[in-house]
Amino acid sequence: YGYSTYSMAQALPNDGSIISIEKNKDNHTKACKLISNQPESGKINIINCDALDYLSRCNDKFDLIFIDANKSGYLKYLNQAVNLLAPKGLIIGDNTFLFGHVYGEGEMNTPEKNIEIMKEFNSKYIDNSDYLVTLIPTKEGMTLIKKVK
């Protein structure tokens, strides 16, 4: 409920800001409550809406886009995120190895469709010279997609 958002806010410069999107009303309320009393709360705007709707309407450019949402939607989020990325911006995809499932060692019940989506997410920009892709090999996995221009 906002832990990643708050952790990133702590690393921001004084004039930095974060927009965090939470579709679930209860989770949105919990995140707002947990962050509201923290010193960095003024840097955070938590919006209660559907992320794909927000991203499709947004005209801003972002230095960093962190994707940690429903795994079946990761490719849709990525397709929207690359259009909103500032020059030399970074997309971070969290849990992109699906706790081992992407490389065949998963223990949880994960739909095969989600595994295929995540494999495509991880490889989509590997051969694109406009991006630098790094996979961080933890069991959960993290994918970094940096716009090089």
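Helix α4 (residues 74–84) packs with helix α5 (residues 112–123) at an angle of about 25°, their axes 9 Å apart. Axes here are lines fitted to C-alpha atoms, for helices over the stretch in contact, and angles run from 0 to 180 degrees between N-to-C directions. Because of that angle, α4 is roughly parallel to α5 (a term for angles under 35 degrees). Tyr-74, Leu-75 and Leu-78 of α4 meet Ile-117, Met-118, Glu-120 and Phe-121 of α5, where contact means heavy atoms within 4.5 Å. This is a predicted model, in which local features need pLDDT of at least 70, side-chain atom pairs count only at pLDDT 80 or more, and totals for chains, interfaces and linings use all residues. Residues are numbered from 1 along each chain as its sequence is written, and side-chain values use heavy atoms, with hydrogens and water left out.

An open sheet of 4 strands has the order β3-β4-β6-β5, with mixed pairing. Its edge strands, β3 (62–67) and β5 (131–136), each pair on one side only; two strands pair if DSSP finds at least two bridges between them. Strands β4 and β6 (residues 142–147) run antiparallel and are joined by 5 bridges. Ile-91 has Ile-145 in β6 as its bridge partner. Helix α5 packs on this sheet and touches β3, β4, β5 and β6, its direction making about 35° with that of β6.

The loop between β4 (85–94) and α5 holds His-101. His-101 is buried, at a relative accessible area of 13% (buried means under 20%, with a 1.4 Å probe and protein chains only). Leaving aside residues up to four places away in sequence, His-101 touches Gly-106, Glu-107, Met-108, Thr-110 and Ile-115.

Methods
Helix = DSSP H or I, 4+ residues; strand = E, 2+ residues; numbered from the N terminus. Parallel < 35°, antiparallel > 145°, perpendicular 65-115°, else oblique. Buried < 20%, exposed > 50% of the residue type's maximum accessible area, 1.4 Å probe, protein only.
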